[in-house]
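Welcome to the tour. Open your viewer, get your selection tool ready, and follow along one stop after another.

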Amino acid sequence: MCGIAGYVGKKDGLVVVMNCLKRLEYRGYDSAGVLFFSAKGGSASNGQNDQAELKKSPGKLTNLEKKVKNSCATPLLASIGHTRWATHGTPNETNAHPHADCHQKIFLVHNGIIENYRELKEQLEKRGHKFKSQTDTETVVHLLEDNYDKGATFEKTLDLTLKKIVGAYAFGIINQDEPQKIYFARLGSPLVLGIGTKEYFLASDQAALAGMAKKIIYLKEGQRGWISPTGFKVWPNKPIIERLDLNTEVAQKSGLEHFMLKEIFEQPETIKNALRGRLSTNGVKLGGLESVSKKLSKIKNLEIIACGTSYNAGLIGKLLFEEISDIPTSVSLASEHRYQQIAHRPDTGYIFISQSGETADTLAALKKIKTQGYLTLGLVNVVGSAIARETQAGIYNHAGPEISVASTKAFTSQLTILALMALCLGTKNKNKKELARELTLIPNKVKLILKQNDQFKALAKKYLQFQNFMFIGRKYNYPTALEGTLKLKEISYVHAEGIAAGELKHGSLALIDPHFPIFTLTNKNSVYEKMLSNMEEVKARGGKIISIATAGDRKIASVANDVIYVPKTLEPFEPLLNSIALQLFAYHFGVLRGHDVDKPRNLAKSVTVE
Ligand code: F6R
């Protein structure tokens, strides 16, 4: 949540920072701001010919773009920017970052939460500091000013200030005494350093630097430092410099209208990437788990912990592990698990699923489990992220950056990897070969669903006036139904609920009438007949039925009002196909309702606050 960008080098820093912010806007989009130095002058002098210009705007980045349209930053001087998802204080211009100290000498952008800001603010106000905003962040810039006044170097000032802060942060800081430098620090919120030729970048996510920086440093917890056009410094421990191989393509929509659509259409490829090198005629090989293979072989139970869409993937994972590997598995919401009293579970391995690898609740649950000595595994998309680092071993999705706030390709790659893990652990499963073979056929089957894109659009148009939807399914299709509701809710802002089909008549059936359409996930599988009976019950009460069904099923059309056909697959892999069908429906429904589906209201990617 919140995106940070910074640049020092020969180019116009304002242009570079605004470009990076555009790629980071998925992290927060309720206000934005930049600080740069300009020869034209602005609010406060830096003691030379250039003056610091602070520009902020509420709303999306386009508002800020309009504001800085005629400005440019002086080369070699530092620029920082921020795109915000509000935690403390309404999203207005005053609360937007960068924040400044009393004398407009120090400027700071922040991602995270300062937990002890009330105490700090009270102390600082007593010492005469004047606060402008309602944010927790502003406390830090005044604290820097307070410590700097004592005549320390700014490096020492930063160290001293960080010691007094409790909470999570990634900071980008400019001190007008050193206008060529951007200071930074990270703890609990992501921050990377990009290295180009005599130019350096700061960003919340590597995707912001694609095509610009050649090398990257994934800053570790507690690391801090500065960048300037002539070099950089990181302390207290030595940074690891890695190559950055991302091309600009990953941060662009490739001619499609939205990132969400681009990411939905990438799924044949991302599922292949999740399988690549891991599945062969010799079986499943998961390199990321090799270091813990002995421990893993002794595991008798699994517990999956995650949030949101990743939690829904976990619910499907449970069914995969129980059916394919015969391992009892439970699934917990990280936000609940972290505060629960958990009974001792000997021989349990924990799997943490997170696209971003930064979700605060999942990370907190992981840290808690680690202290109890259990085996911890990560299923993460973002390389080098906190959850990837904190877990003992794990598997990367290799799905590429997911920019749209609504998770699509990360979800299906999570499902693919969970299936691989289940096959890997299911040493005694007699159907392993058949399951493995079917898994390799999924990408082509996904293509057949994507070909029906126009049909999903027509279906969305037909049901556009409805405000309530129900999604039902059994077994693997129950969590798939839950994921279908989440997608629809988050990008369309309509009410949707997911019910295990067998639970309908225990209460929720009362909701059904001609104004409450119901999606049924009725593939030809072990619960097909049961699902048909549920559909009949709905039909008898005047409910409108939209079914996802298996290609070639003629019976279903006589019960459902509308049918979308997906290719036949084995039951454990049906979620891989059905969820994509539901993603396409949700996408068109949201677009037709006029919403910015990549940036749904009130939400942001990477929930790094509790
Ligand atoms: C919904 C969505 C969220 C995330 C959740 C966890 O489309 O994307 O529900 O799944 O915030 O995020 P990660 O997977 O990054 O831990």
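Which residues of α1 are buried? Select Gly13, Leu14, Val16, Val17, Met18, Cys20, Leu21, Arg23 and Leu24 to see them. Buried here means under 20% relative accessible area, while exposed is over 50% and partly exposed lies in between (1.4 Å probe, protein chains only). Before moving on, note that this is a predicted model, where local features need pLDDT of at least 70, side-chain atom pairs count only at pLDDT 80 or more, and totals for chains, interfaces and linings use all residues. Residues are numbered from 1 along each chain as its sequence is written, and side-chain values use heavy atoms, leaving out hydrogens and water.

Now show the whole of helix α1, residues 13-24. Helices (H or I, at least four residues) and strands (E, at least two) are DSSP runs, numbered from the N terminus. Nine of the twelve residues of α1 are buried, so the helix is largely enclosed by the rest of the structure.

Step to Asp12, which caps the N-terminal end of α1. One of its side-chain oxygens sits 2.9 Å from the backbone nitrogen of Leu14; a polar contact is a pair of N or O atoms within 3.5 Å; within protein, one must be able to donate a hydrogen and the other to accept it, and residues adjacent in sequence count only if both atoms are side-chain atoms.

Finally, pick Cys20, buried at 1% relative accessibility. Its sulfur is 16 Å from the closest cysteine sulfur, in Cys2, too far for a bond.

Terms used:
A disulfide is a pair of cysteine sulfur atoms within 2.5 Å. The expected span of a helix is 1.5 Å times one less than its number of residues.
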